[in-house]
Amino acid sequence: VDVTGSWGGRKNKVAKIMNDQNPDIIGVQEALNHQVTDIQKSLRGYANYAVGRNDGKTGGESCAIFYKKDRFTLNDKGTFWFSDTPDKVSQGWDAWPRICTWVHLTDKNTGKAFYVYNVHLAAFFASGARNKSAELIAERVAARKTNDPFIVMGDFNMKTTSKGMRYLLNREGKTPYARMTDAWYTIYPDVRG
């Protein structure tokens, strides 16, 4: 039986990559509770916050955020749904519940705090849902409790030229916050297609 595509065949490789890269913060999307548990067991020195999209607990996929617990203090956390009722478990604007999980961390070395938002937006066939989700992300980021900087990461399921991504990047100046930087293309400008 070929298990290379299954979680059982991939989980050790995923853990090795994460441990070898040793990032301060990791965001994963589409992670089921047992996968978050497996990753947590294999990561040295990390804590995580994860909420299942189906029940607000452990049911369904999550947008888990792992962070180094010796480097960061968790100040606050939450999850919202990309729907008309974002503060409660709810069906999204496409065929599935979609979520954004966020944490507010303080760097123990510098004392500076920041937010991390981890998203999983609607699939390629649901551009209207992605556009509404982009607007909700912008609204929630603008309404954060403090003016601390933020990172938005995840599976956006859209190109940087799409309407929703242009809105998030504030290309037309329509969002309630300053223009964001697309980190991937800032670091790797030669990969633009």
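Guide: We will start with the whole chain, move to the charged pairs, and end with a few residues in the loops and strands.

A word on the ground rules: this is a predicted model, in which local features need pLDDT of at least 70 and side-chain atom pairs count only at pLDDT 80 or more, while totals for chains, interfaces and linings use all residues. Residues are numbered from 1 along each chain as its sequence is written, and side-chain values use heavy atoms, with hydrogens and water left out.

The protein has 5 helices and 7 strands; helices (H or I, at least four residues) and strands (E, at least two) are DSSP runs, numbered from the N terminus. Along the sequence they come in the pattern α-β-α-β-β-β-β-β-α-β-α-α. Of the 193 residues, 46% count as buried, where buried is under 20% relative accessible area, exposed is over 50%, and partly exposed is in between (1.4 Å probe, protein chains only). Contacts here are heavy atoms within 4.5 Å. Among contacts with a separation of 6 or more, 59% are between residues 24 or more positions apart.

Now to your salt bridges. Side chains of opposite charge can pair when their charged atoms come close. The cut-off used is a side-chain nitrogen of Lys or Arg within 4 Å of a carboxyl oxygen of Asp or Glu. By that rule, a search of the whole structure finds 9.

One of them joins K11 to D38, at 3.8 Å from N to O. K11 belongs to helix α1 (residues 7–21) and D38 to helix α2 (residues 33–42), so this pair ties together parts that are 27 residues apart in sequence. K11 is partly exposed, at 31% relative accessible area.

Two packed helices are described by the angle between their axes and the distance between the axes. Here α1 and α2 pack at about 40 degrees, with axes 10 Å apart. That angle makes α1 oblique to α2: under 35 degrees counts as roughly parallel, over 145 as roughly antiparallel, 65 to 115 as roughly perpendicular, and the rest as oblique. The axes are lines fitted to C-alpha atoms, for helices over the stretch in contact, and angles run from 0 to 180 degrees between N-to-C directions.

Which residues of α1 and α2 meet? From α1 come W7, R10, K11, A15, M18 and N19, and from α2 come H34, Q35, D38, I39 and S42. By class, this contact has 4 nonpolar, 4 polar and 3 charged residues. In that count, Ala, Val, Leu, Ile, Met, Phe, Trp, Tyr, Cys and Pro are nonpolar, Asp, Glu, Lys and Arg are charged, and the others, Gly among them, are polar.

A second salt bridge pairs R71 with D107, at 2.7 Å from N to O. It links distant parts of the chain, 36 residues apart: R71 is in the loop between β3 (65–68) and β4 (72–81), and D107 is in strand β5 (residues 99–107). R71 is partly exposed at 25% relative accessibility, whereas D107 is buried at 6%. Both also belong to a network of salt bridges that links D24, K68, R71 and D107.

Leaving out residues up to four places away in sequence, I25 touches I65, F66, Y67, F72, L105, F114, V116 and M153. Its C-alpha is 9.9 Å from that of K69, although I25 and K69 are 44 residues apart in sequence.

Finally, two loop residues with backbone angles to look at. E30, in the loop between β1 (25–27) and α2, has a positive phi near 60 degrees without being a glycine, and is partly exposed at 37%. N157, in the loop between β7 (150–155) and α4 (163–168), is likewise not a glycine and has a positive phi of about 55 degrees; N157 is partly exposed at 28%.
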